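Biologist: I have a model open and would like to learn how to read its features. Could we go through them together?

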Amino acid sequence: MTLVSERPAPEPGAEETAAAAHRKGRWIDHWEPENPDFWEKKGKKVAKRNLMFSVFAEHLGFNVWVLYSILVTQMGNAGFAFMQGDAAVNNALILISVPVIVGAILRIPYTFAVSKFGGRGFTTFSAGMLLIPTIGLAVAFSQPSTPMWVFVVLAALTGFGGGNFSSSMTNISFFFPESKKGAALGINAAGGNLGVAVTQLAMPLVITGALLFTAQDEGGYRFALTVAALFWVPFVLVAAIGAWTRMDSISGAKPDGDSYPRAMKNKHTWIMAFLYIGTFGSFVGFSFAFPTLLRAYFPELQNVGWMVALGNLAFIGALVGSFARPAGGWFADKVGGAKLTFFVFVGLSVSIAAVMGSLALESFPLYLISFIALFIITGVGNGSTYRMIPMIFSASVRHRAESEGISMEKSLASAKRQAGAAIGVIGAVGAFGGFLLQQALRLSNVHLGTMAPAFWTYAVIFLVMASVTWWYYLRSSFAISRAPSLAHANV
């Protein structure tokens, strides 16, 4: 049986094998990753190839998604009046929050798009969509009279990059066996999250480099921002072409019709979504806002040339947070996801207190260290919460199977499908948390004249999330009375 065939044609014979490679589709009709022989002979090579191109496309999605976090810091210098004066911080927070809310909303349809259009086709489409905001921004920056509403629309279009995470994770989950799925998804997620750090490191350097070829006036900054927007176009083209020519679609990658409704009715889906707001929502929200916060609280850094070129070191937060994510998953395997998540939220609350202390002392080094600690902890929390999701669903269905005499094998298969459906929703709600965080900062700044109340509110919310984690997943009475299997699941 051939590995690749035209959909939905029957399995081709030996005579059709060569022709199949030249037909449209690259659909895989026969895929058995749990079969060791199939995996070693055919599956592993195909899965790793798809993972490589998936990571690259998802990485580009994050690159473009977070693009505004750097661009807004230089738009005032480029002569855009709405980014100058007292309104600058408020308008910057608006522009960086729009991509977050759009990306969060798109994560739900993107989760199911792979099943309908195939991993190859949808990865090509989602990567190609990134050309619209990047080229659009280049045009907008070339015109000094471009109004703010145009940049708001383009900010919404960069949000398409945020949806790529869900489609990429869903697609890759079908390629790997259960024993290797965790590592594959960890690589895929970390590769995407690193896009934030890459953009926040590369864009200030690109802008600074472009300014070397022109005067450092408003026109020169507009030229530099145009170059920064166009910088990603060649990479997006490579990602889209690579996905179309090298990736595959699995025809059997379709969820059953029962898993999604069951997952939506399960209270643990929504409990974990709430907790993910605190981990991934904080990572996204602070990653987008960090360059603006640095500029707002430490404006004197703009006079230090090398600091400007490095974006005031804003990229470090996203960088360490991205690398901490797989480490969080690994550590959760050792100590338990719920236990680690509990301490993550306590640590986040302490980090916020340290940030506020650094502002009171007007200490940039302490401020930077406090935020780096916060980013590391959010990364660990992203890994530990994702570790909890499949274990919670598995423990719940085990308890039900034991009490109702249902087939354990079928129950565990159902748990995997429900967890997969829940992850899409949890990821969307978590990203939406980034939008809430940014709006809290903006509204606090507009109405109270300071962002301090928003920071302290978040510190309290983190402690509430720690309490929720303990109440539902750590206290022994829950493990005994509600789901005995949880006591042994290392959740």
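Predicted model: local features only at pLDDT ≥ 70, side-chain atom pairs only at ≥ 80, totals over all residues.

Biologist: How many residues are in the largest nonpolar core?

Modeller: In soluble globular proteins, nonpolar side chains tend to be buried together. A nonpolar core here is a set of buried Ala, Val, Leu, Ile, Met, Phe, Trp, Tyr and Cys residues joined through side-chain atoms within 4.5 Å. Buried means under 20% relative accessible area, exposed over 50%, and partly exposed in between, with a 1.4 Å probe and protein chains only. The largest such core has 139 residues, and Met75, Phe151 and Phe455 have the most contacts inside it. Helix α13 (residues 267-297) gives the largest share, 15 residues. Domain 1 (43-250) and domain 2 (255-490) each supply at least three residues to this core; the bounds come from an automatic or database domain assignment.

Biologist: And how do I read a helix such as α4?

Modeller: Helices (H or I, at least four residues) and strands (E, at least two) are DSSP runs, numbered from the N terminus. The expected span of a helix is 1.5 Å times one less than its number of residues. For the 30 residues of α4 (residues 88-117) that should be 44 Å, and the end C-alpha atoms are 42 Å apart, which agrees.

Biologist: Where does α4 kink?

Modeller: The bend at a residue is the angle between axes fitted to the seven residues ending there and the seven starting there. In α4 a kink of about 35° lies at Arg107, shortly before the proline Pro109. Just after α4, Gly118 takes a positive phi of about 90°.

Biologist: Is α4 largely enclosed or open?

Modeller: Of its 30 residues, 22 are buried, so α4 is largely enclosed by the rest of the structure.

Biologist: Why does Leu359 count as buried?

Modeller: Leu359 counts as buried because its relative accessibility is 17%. Leu359 lies in helix α16 (residues 337-361). Its C-alpha atom is 7.8 Å from that of Tyr297, 62 residues apart along the chain.

Key
Residues numbered from 1 in each chain as written. Heavy atoms only, no water.
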